[in-house]
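Please consult the sequence and structure shown here before reading on.

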Amino acid sequence: ALTLGIVGLPNVGKSTLFNALTRNDALAANYPFATIEPNVGVVPLPDPRLDVLARISGSEKVLPATVSFVDIAGIVKGASEGEGLGNKFLANIREADAICQVVRVFADPDVVHVDGRVDPASDIETIATELVLADLQTLERAVPRLEKEVKGKKADPAVLAAAQAAVAVLERGTALSHAAPGDDVDLDLLRDLTLLTTKPFVYVFNTDEAGLADTARRAELEALVAPAGCVFLDAAVESELVELDPEDAAELLASTGQEESGLDQLARVGFEVLGLQTYLTTGPKESRAWTIRRGWTAPQAAGVIHTDFQRGFIKAEVVSYDDLVDAGSHAEAKARGRVRIEGKDYVMADGDVVEFRFNV
Ligand code: GDP
């Protein structure tokens with residue numbers, strides 16, 4: 001499942017947001033370093049299509065796709081050197097598919113800012129620098145090891161060359177995800193090092209109500225981080241939303257001018273930056289959403305359910321969600337010729353409702 005690691009300076013609202021997203025009661029205290037243990041929360045991704053499918057198939061239950069959030073402690077200037085909360089915490093980001101930086105935009109004089117003032121551009125720069133330094137440290141350890149291994153013919157010289165090229169990029173202060181083609185950094189060769197600046201970034205601007213309504217300011221912040229994805233939310237509102245029933249929550253959300261909850265926004269943008277999509281299965285037992293990468297073929301998609309499904313793949317019976325709903329039943333969709341038989345080269349589309357046929 002999609003895993004987002006939440007990073008940011010202390011006191012920007014990470015715990016508040018994490019708790020809102022995962023309905024966790026852990027205390028969000030008003031002082032730096034309140035978050036000292038990493039926390040993982042697995043959140044079901046609301047998908048209204050599943051309820052519709054469950055009605056059509058008479059499913060006993062629905063199983064939505066999930067997003068995992070890893071709450072990582074605040075990173076301060078010098079974190080990469082082991083000052084404040086250091087390396088041990090950066091290690092927790094390595095597991096994440098994408099990094100989600102919470103940036104404080106709300107101006108609340110009662111909440112202390114580590115640098116004494118609210119300045120999103122400077123906060124973003126601070127975190128970016130710490131991640132670049134953390135990767136440089138990783139490479140400073142890896143390069144001598146690789147040199148030895150290449151001499152002993154135990155490592156591919158191309159990996160060493162890629163590591164050296166990566167050092168050059170990082171020394172310019174550039175994230176590896178922003179390396180130019182001429183930099184010759186083959187990130188695939190460096191995958192084992194789980195370098196942090198290779199990960200896609202999503203920015204969460206934690207704004208108050210006035211900030212949410214300020215479209216000019218929002219455009220400025222969006223431009224600041226472009227082309228990375230970003231979302232705007234109010235962590236304080238998010239924590240109220242989870243206390244409410246769906247109707248009241250929708251009303252509160254609308255009153256702040258927001259169309260989607262923070263979770264929905266983050267899941268949507270996270271799926272976009274990572275190139276993910278879902279397909280669906282449905283039957284009397286369950287209706288379920290499965291997360292795959294865009295461009296995956298039917299056998300690859302089947303492999304998410306079970307590796308045997310991929311290995312023994314014969315064919316897939318596919319109907320688009322819209323066609324199935326139009327028809328009202330699988331039998332009717334079939335009668336209308338809407339259920340297609342697809343082979344191993346079929347590239348999955350978002351919202352495909354699938355039944356796989358396979359040999360065991
Ligand atoms: P963390 O250190 O980044 O995890 O920050 P916390 O989530 O612990 O938040 C620090 C303080 O800021 C707490 O007192 C929160 O109640 C407050 N806070 C968090 N988000 C918001 C927000 O959107 N608006 C306001 N006014 N306060 C917030």
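**Backbone and domain briefing**

With 8 C-beta neighbours inside 10 Å, K153 counts as exposed, because a residue is exposed if 12 or fewer other C-beta atoms lie within 10 Å of its own, buried if 20 or more do, and partly exposed in between, with C-beta atoms placed from the backbone. The model is predicted: local features need pLDDT of at least 70 and side-chain atom pairs count only at pLDDT 80 or more, whereas totals for chains, interfaces and linings use all residues. Residues are numbered from 1 along each chain as its sequence is written.

- K153 is a residue other than glycine, yet its phi is positive, near 55 degrees.
- K153 sits in the loop between helix 4 (120–151) and helix 5 (157–171); helices (H or I, at least four residues) and strands (E, at least two) are DSSP runs, numbered from the N terminus.
- T194, also not a glycine, has a positive phi near 40 degrees, and its place is the loop between helix 5 and strand 6 (201–206).
- T194 counts as partly exposed because it has 15 C-beta neighbours inside 10 Å.

**Cis peptide bond**
- The A226 to P227 peptide bond is cis, and its omega is near 5 degrees.
- P227 belongs to the loop between helix 7 (215–225) and strand 7 (229–233).

**Domains**
- The domain assignment of the protein chain gives domain 1 (2–46 + 64–114 + 199–273), domain 2 (129–198) and domain 3 (295–358); such bounds come from an automatic or database domain assignment.
- Taken over C-alpha atoms, the centres of domain 2 and domain 3 are separated by 40 Å.
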